[in-house]
Amino acid sequence: MTIIGRLRLKKTIIAIFFLSASALIYSKVILLDKLQNAVLHLPSEEPILPSSHSSVIIPPYAQWSAKPCSYPQPTLLAVVHSSPSHILHRKAIRQTWGSFPPGQNATIRTVFVVGRSKIPKVQQRLELEAEQNDDIVGLEIVDSYSNLTAKHLAGLRWSLKNCPGSSFIMKADDDVLVDVRRAIKVLKSAFSENILACRIVPEGTSPRRSGKWMITREDYPSREYPEYCSGLAYFGALPTIAKIYEAAMSGEVPYLWIDDVFVTGFAAHHAGVKRLDMGVWFARTEQEVIKWVKDGSRDRPLPWIVAEMSPRHWPSDALSLWSRISMKR
């Protein structure tokens with residue numbers, strides 16, 4: 001074989017080698033991606049975005065989701081929005097305000113609404129936690145900001161279907177301290193249907209056009225939001241929540257992925273539900289709560305029903321905070 005022939009043969013062998021290696025690498029990448037999605041059963045990361053006036057698509061529930069409420073049905077069903085990785089937040093709520101000891105004249109059931117995690121280990125821990133506690137409503141949708149409205153409505157739908165005898169429903173975030181016994185007393189004594197009790201965000205609040213909660217003008221062209229409820233916590237009688245849910249799913253309400261505005265603003269208005277301002281029962285800052293806890297000379301109950309807590313005190317100080325609240329009740 002001539003020198004030129006040998007060079008051509010060498011170049012051909014090298015080209016075949018690189019083509020084979022590239023094909024092998026590409027096939028492994030595709031296979032790995034398929035395996036990861038197969039293990040996690042991950043839905044698309046795209047948000048559930050219906051057209052501006054169509055029904056919101058409710059994601060399916062995970063097979064390991066919490067069982068329906070047993071009888072007698074709870075006085076208050078607490079529907080807590082949580083993130084997959086917030087294991088300690090959920091544990092803190094279970095150990096404090098999320099349950100009553102037996103023999104009380106009112107009952108509470110707490111469930112946590114959680115989407116899927118994109119991290120395999122986090123998802124595995126979540127499913128194990130759900131199996132151990134039977135209080136997690138799992139959604140077959142990635143837990144993300146853009147899916148908040150679908151997550152919110154999925155939580156309400158589960159509540160109405162699985163706990164239809166509940167007197168009241170509370171939606172709350174998982175970084176909230178709630179004096180649920182006082183909440184139930186207030187709801188029983190001075191509450192009526194067709195009312196959503198919350199800390200009201202007044203009409204005229206401007207949408208954020210930058211940052212984590214950025215709303216583009218394409219999402220919401222108006223310069224102002226209508227009146228709506230702070231997402232920290234709100235309370236409603238079960239028939240009231242059912243009205244809001246039906247309005248939200250009617251296809252007659254303009255869609256927005258900011259769930260507080262969509263559910264407690266647009267949908268509540270369409271359903272004819274009025275908002276009752278409970279701002280006086282909401283602590284303005286967690287510093288007020290900490291100051292009250294440290295002031296041992298005052299033998300008086302917690303002046304508020306709801307308080308948002310920062311990572312500095314929640315969930316790490318949950319038990320100590322709750323023990324003080326229980327002592328001074």
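G115, L139, I141, V142, D143, S144, N147, L148 and K151 line the largest cavity of this structure, which is a predicted model. Two elements each give two or more residues to that lining, namely β3 (136-142) and α4 (148-162). The largest share, 3 residues, comes from β3. Sorted by class, the lining of the largest cavity holds 4 nonpolar, 3 polar and 2 charged residues. The structure has 1 cavity of 30 Å³ or more, and the volume of the largest cavity is about 40 Å³.

The largest pocket has a volume of about 1000 Å³. Its lining is made up of 37 residues, and those nearest the centre of the pocket are Y145, L148, D173, W213 and D260. L148 also belongs to the lining of the largest cavity.

At least two residues of the lining of the largest pocket come from each of α4, β4 (168-173), β6 (195-201), β7 (228-237) and α7 (259-270). Of the elements, β7 gives the most to this lining, with 4 residues. In the lining of the largest pocket, 14 residues are nonpolar, 11 are polar and 12 are charged.

Key: Residues numbered from 1 in each chain as written. Predicted model: local features only at pLDDT ≥ 70, side-chain atom pairs only at ≥ 80, totals over all residues. Heavy atoms only, no water. 1 Å grid on protein atoms, 1.4 Å probe; cavity = no way out; pocket = protein on both sides within 12 Å on 5 of 7 lines; lining within 4 Å. Points joined across faces, edges and corners; volume = space filled by probe spheres on them. Nonpolar A, V, L, I, M, F, W, Y, C, P; charged D, E, K, R; others polar.
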